[in-house]
Amino acid sequence: MVTRGILKIIDQDYVQVCNDTEINEKRKQRGTEMYLFLCNLLWHFLDAYWLVSLCFLYLVPNKIITENSFINLVQNTGESLYFEGQMDLYEAISKDKLDNALILFENWKIIEFPQINGINQQIPEKFIRLTSEYQDNKKIEQLNLQIAKYRKASIAYKSRRFKGLQNTDTTDALDYVSKRISCI
């Protein structure tokens, strides 16, 4: 009960029951620690979902790409965003997390994996395309902004470098991907 904060040892032979304010402060501290722990577990996944949804702009309009090519594209974009300071969690760029994000978006009916016949290969490749509902840039941007609400605020955007800018890291990332698409 001492470790849980209900009792406190005053002397070697004397134990006292903590009052309510002491117990509540300790519970708040443990609650904050637990909250931060859970956030640190989830932020990698949220950044991966955000990054994949950001790269869906490469698939507009009606483009089909192999899954491996798309993952490489997402990883390259994520790495660029990380080194520009728009992402803090490099772990979000891992292939496992990106595969997980693709499965999630397939379950949400945002992307689909069509079967393409006539390609003569021993190991068939999976292809990705957006569903008809998400063939619009605005729809992809809405999805991206919705996911971005739950992301960890980037540390770089708190720095002096970005103080004068009125944009958020999400709008800057959308602009960055749009510029990369126009260069392709």
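A: The structure holds zero disulfides, a disulfide being a pair of cysteine sulfur atoms within 2.5 Å. Among its cysteines, Cys39 is buried at a relative accessible area of 11%, and Cys55 is buried as well, with a value of 0%; here buried means under 20% relative accessible area, exposed means over 50%, and partly exposed lies in between, all with a 1.4 Å probe and protein chains only. This is a predicted model, in which local features need pLDDT of at least 70 and side-chain atom pairs count only at pLDDT 80 or more, while totals for chains, interfaces and linings use all residues. Residues are numbered from 1 along each chain as its sequence is written, and side-chain values use heavy atoms, with hydrogens and water left out.

The chain has 184 residues, of which 37% are buried. It contains five helices and five strands, where helices (H or I, at least four residues) and strands (E, at least two) are DSSP runs numbered from the N terminus. Read along the sequence, these elements follow the pattern β-β-α-β-α-α-β-β-α-α. Among the contacts between residues at least 6 apart in sequence, 63% join residues at least 24 apart, a contact being a case of heavy atoms within 4.5 Å.

Now to the helices. Two packed helices are described by the angle between their axes and the distance between the axes. Helix H2, residues 67-83, packs with helix H5, residues 169-183, at an angle of about 130° and with the two axes 11 Å apart; the axes are lines fitted to C-alpha atoms, for helices over the stretch in contact, and angles run from 0 to 180 degrees between N-to-C directions. That angle makes H2 oblique to H5, because angles under 35 degrees count as roughly parallel, those over 145 as roughly antiparallel, those from 65 to 115 as roughly perpendicular, and the rest as oblique. On the H2 side, Asn76, Thr77, Ser80 and Leu81 take part, and they meet Ala173, Tyr176, Val177 and Arg180 of H5. The residues of this contact of H2 with H5 divide into four nonpolar, three polar and one charged, where Ala, Val, Leu, Ile, Met, Phe, Trp, Tyr, Cys and Pro count as nonpolar, Asp, Glu, Lys and Arg as charged, and the others, Gly among them, as polar.

Helix H2 also packs with H3, at an angle of about 120° and with the axes 11 Å apart, and the crossing of H2 and H3 is right-handed. The contact is made by Glu67, Asn68, Phe70, Ile71, Val74 and Gln75 of H2 together with Lys95, Leu98, Asp99 and Leu102 of H3. The residues of the contact of H2 with H3 comprise five nonpolar, two polar and three charged.

Returning to H5, Leu174 is found in this helix and counts as buried at 8% relative accessibility. Leaving out residues up to four places away in sequence, Leu174 touches Leu54, Leu57, Glu141, Asn144 and Leu145. Leu174 and Cys55 are 119 residues apart in sequence, yet their C-alpha atoms are 9.0 Å apart in space.

Beyond H3 comes Lys109, which is found in the loop between helix H3 (95-107) and strand S4 (111-112). Lys109 counts as exposed at 59% relative accessibility, and it has a positive phi of about 60° although it is not a glycine. When its neighbours within four places in sequence are left aside, Lys109 is in contact with Thr131 and Tyr134. Thr131, in turn, is found in the loop between strand S5 (127-130) and helix H4 (137-148) and is buried, with a relative accessible area of 11%.

Finally, a look at the backbone between H1 and S3. Most residues other than glycine have a negative phi, and most peptide bonds are trans. A cis peptide bond joins Val60 and Pro61, with omega about -10°, and Pro61 lies in the loop between helix H1 (20-55) and strand S3 (65-66). Asn62, placed in the loop between H1 and S3, has a positive phi near 50° and counts as exposed at 63% relative accessibility.

Note on methods:
A crossing is left-handed if the near helix is turned anticlockwise from the far one by less than a right angle, and right-handed if clockwise.
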